[in-house]
Structures are given as structure tokens and as C-alpha cells.
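This report goes through a few residues and helices, one at a time. The sequence and structure are shown first.

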Amino acid sequence: MTLFDQSNKTSARENVANGIDAPPTDADAPPAAVAVSAPPTRPATTPTTTTSDRLRSIGSRYALIGVWIVMAVVYGAIMPDKFLGTSTAQAIFGSQSALLFLAVAALCTFVVGEFDLSFASVMGLSATIIPVLSALHHVNLALACLIALLAALGCGVVNAFFIVKLGVPSLIVTLGTASLFLGLAELISSSTIVSVSNKTFSDIALHNVLGLPLSFYYGLILCAGFAYVLTWMPIGRHIVFVGANREVARLAGINVDRIRAGSYIVASLVAGLAGILLVATVGGFDPTASSSYLLPALAAVFLGTAIVMPGQFNPMGTFLGIYFLETGILGLQLLGYTGWVQDAFYGAGLVVAVTVASVVRNRTRTA
């Protein structure tokens, strides 16, 4: 150490002792700020829909139509003379209009998260009232149809009162009212088949337009109109909202009970229309046959959840489901399988439809 360095340290100690701050040295200086460059930012990207995604979406929506086409091709290859003909198409698309109306009646309650087992009996009651009043009591046919619709309306009000107003479970109520309405139909008809013959009335359903009866176009208009209401009208969005989450819809200010009650009333009215269409088509009705329409209608409704809007009840899916099932049944009947095949096909179709709907719904929730 030099004499100069020692004198500097001595003067620094003296300055500190005298209360004078020493000038900062290089060792005391704060470290220089280090410039840190920010990581490069990537431009925000929006997810793009690839061709494979589009194909997957189309496949999930319309896969059943592909199965329908394959089924028709197989039937056509096995029995071209019987299956490949205009008469077969007319038999498939011209004979299920009443069942389609009945399936839409069931759909009216399903879309709001309700359940109804009485719609087939409501149809049977209205289909019994018309020929009884017209043929046995000589009531004007138009008036008889109006009375049948009013009776169907009353059935819907009864269901709505017990389920919505009193809070009784819908399964119990509709199971009981289904038996009640069936008993009333048997009482009115004295458990016999009553028929009515009126060509003008029959032409309302059976008049051919482009090779198909008018009843087919009624069903198409009904399903398309129902789909329009659910998709584009405010009441339709409220219906879908209530069906998705009833409590959240109530908190959002929607009158949930009014929509629930309305679903039962409208379902009964549509079932009444199905009864009128059925009488116009076949000329009469056996009141004890009401229950045989329940399973096919439910099978078509649940099968419709696998088409057009997978995992959701939708009218156009129900429309396609009706004729898909009828194609399968008619093909088996032409192959010689009669009697048991209809119940077996509808039962298997219902199980498969519910399974597919559950799988699609679970995949949608986890996606």
C-alpha cells in the first residue's frame, strides 16, 4: 500500500467522523440496470375449421341418413321387384302421418324437460269421439272434430293442473291419465269399433299430390313450423332455455310454469289432431289400440336426437326417424317377417336411439 492510498483512507475516516458523507466509490455505486428484452408476442390466431372437422360434423348430424340409404340399397338388392318401386315409396311416406303427429305431440313436452305417457290415449279418445258422434248421434262431422279437439284440450289442462300446479311427478300423473283417457274412450264407444264414411272428410287426408297423400305434407309442415318456432322465435328460445336448465331460466325472468303447462296443452292438441287425421285416413278407430301407438312414437322421438341436432330433441330429426323406422319394418315384412317384427323393430330402435342419444350428449358435454 502506498502512502497516497493510506492518506486517502485517513481523510475519509476523518470526514465520516466530522459528519461529512464520503463520495461514493465504484464499489458503492448501484448496479447498472440490465435491459431485458420482452419475449416476442405472437399474433392472436382464431381457430380455423378444417375439412376434416366439417366432415366429422356432417357425419355426426346425418350418419343415420347414411344408414337409411344403406338399408334401402340392401333391401333393393335382395328383392328388387318388391322393394324398388313407386308403391313402396308411397307405402313408406304415405301411411305414417298420424304417427308423426303423435310423435310431435310427445316432442312438445320433451323439449321443455317434461315427460308425458298419455298422448297416445289422448289421440285414442279424440279418434273415438269423432265416429261415435258422427255415426251414432248424427252430429255434424266438423262439429264432431271440434268437440274432439276440445276434449283433447281438456286432457292437456288436466295434466298441466296436476303436474305444474300441484307439483305431482309427471310420470305418475300421465301414467294415470293415460289409463283414465283410455277408459273414457272405451266407455264412449262401448268397447266397439265405430266407423265413419265421408269421402270429403277422407280427401282431407288421402287426396294425392305428387304421388303422396295430403297427410304427408301436413306432417312436413308441422315439423318445419315447429323447428322454425324453436329456432327463430322468442318463445321457442324460451322453450329451449327451460328444457336446458329450468332454474337458470326462472332466474332469467322466464315464466317457467307457464311454458311447462303450455307444453302439455299443446301436446294434447297435437295428439287430438293426430286422432282426427287417423279417422280421416282409416275411417274409424279401435279405442283399445291406443297403447300400440306409444312405443313407435317414443322410438321416433328418441331416434330423432341422433339426426340433424345430435343430442337434442328436434322436430326434423323426429320427421326423419319416423320414416327410417317404417323403411326398416316394411323391408322386413316384404321379406316375409310378419307379426312380431313391428314390435321387435320398434323396441330395438328405441333402445338403440336412447343409447346413441346418451353417447352423443356425453361427448358434447365433454367436448
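Is glutamine 96 buried or exposed, and what is its relative accessible area?

## Glutamine 96

The model is predicted. Glutamine 96 has a relative accessible area of 11%; the cut-off for buried is under 20%, so glutamine 96 counts as buried. Glutamine 96 belongs to the loop that runs between α4 (86–93) and α5.

Two polar contacts involve the side chain of glutamine 96. One is with the side chain of serine 95, at 3.2 Å, and another is with the side chain of glutamate 326, at 3.1 Å. With neighbours up to four places away in sequence set aside, glutamine 96 is in contact with Ile322, Tyr323, Glu326 and Tyr346.

Helix α5 covers residues 97–110. From first C-alpha to last, its 14 residues reach 20 Å, close to the 20 Å expected at 1.5 Å a residue. Helix α5 is largely enclosed by the rest of the structure, because 14 of its 14 residues are buried.

Threonine 318 is part of helix α15 (residues 315–334). Its relative accessible area is 0%, so threonine 318 is buried. Not counting residues up to four places away in sequence, threonine 318 touches Leu100, Ala103, Leu107, Ala300, Val301 and Gly304.

## Tyrosine 293

Tyrosine 293 sits in the loop between β4 (284–285) and α14 (294–303). With 22% relative accessibility, tyrosine 293 is classed as partly exposed.

Between tyrosine 293 and alanine 98 there are 9.7 Å in space, C-alpha to C-alpha, although the two are 195 residues apart in sequence. Neighbours within four places in sequence aside, the contacts of tyrosine 293 are Leu99, Leu102, Met123, Leu278 and Phe285.

## Helix α8

Helix α8 (residues 170–189) has 20 residues, which should span 28 Å at 1.5 Å a residue; the end C-alpha atoms are 28 Å apart, in agreement. After α8 comes serine 190, which has a positive phi, near 55°.

Which residues of α8 are buried? They are Ser170, Val173, Thr174, Thr177, Ala178, Phe181, Ala185 and Ser189. Viewed down the axis of α8, the buried residues fall within an arc of 135°, so they line one face of the helix. The cover over these buried residues includes α6 (119–136), α7 (141–165) and α13 (256–282). On the face turned away from the buried side, α8 carries the exposed residues Ile172, Leu175, Ser179 and Leu187.

Terms used. Residues are numbered from 1 along each chain as its sequence is written. This is a predicted model: local features need pLDDT of at least 70, side-chain atom pairs count only at pLDDT 80 or more; totals for chains, interfaces and linings use all residues. Side-chain values use heavy atoms; hydrogens and water are left out. Helices (H or I, at least four residues) and strands (E, at least two) are DSSP runs, numbered from the N terminus. Buried means under 20% relative accessible area, exposed over 50%, partly exposed in between (1.4 Å probe, protein chains only). Contact means heavy atoms within 4.5 Å. The expected span of a helix is 1.5 Å times one less than its number of residues. The arc is that of the directions from the helix axis to the C-beta atoms. A polar contact is a pair of N or O atoms within 3.5 Å; within protein, one must be able to donate a hydrogen and the other to accept it, and residues adjacent in sequence count only if both atoms are side-chain atoms.
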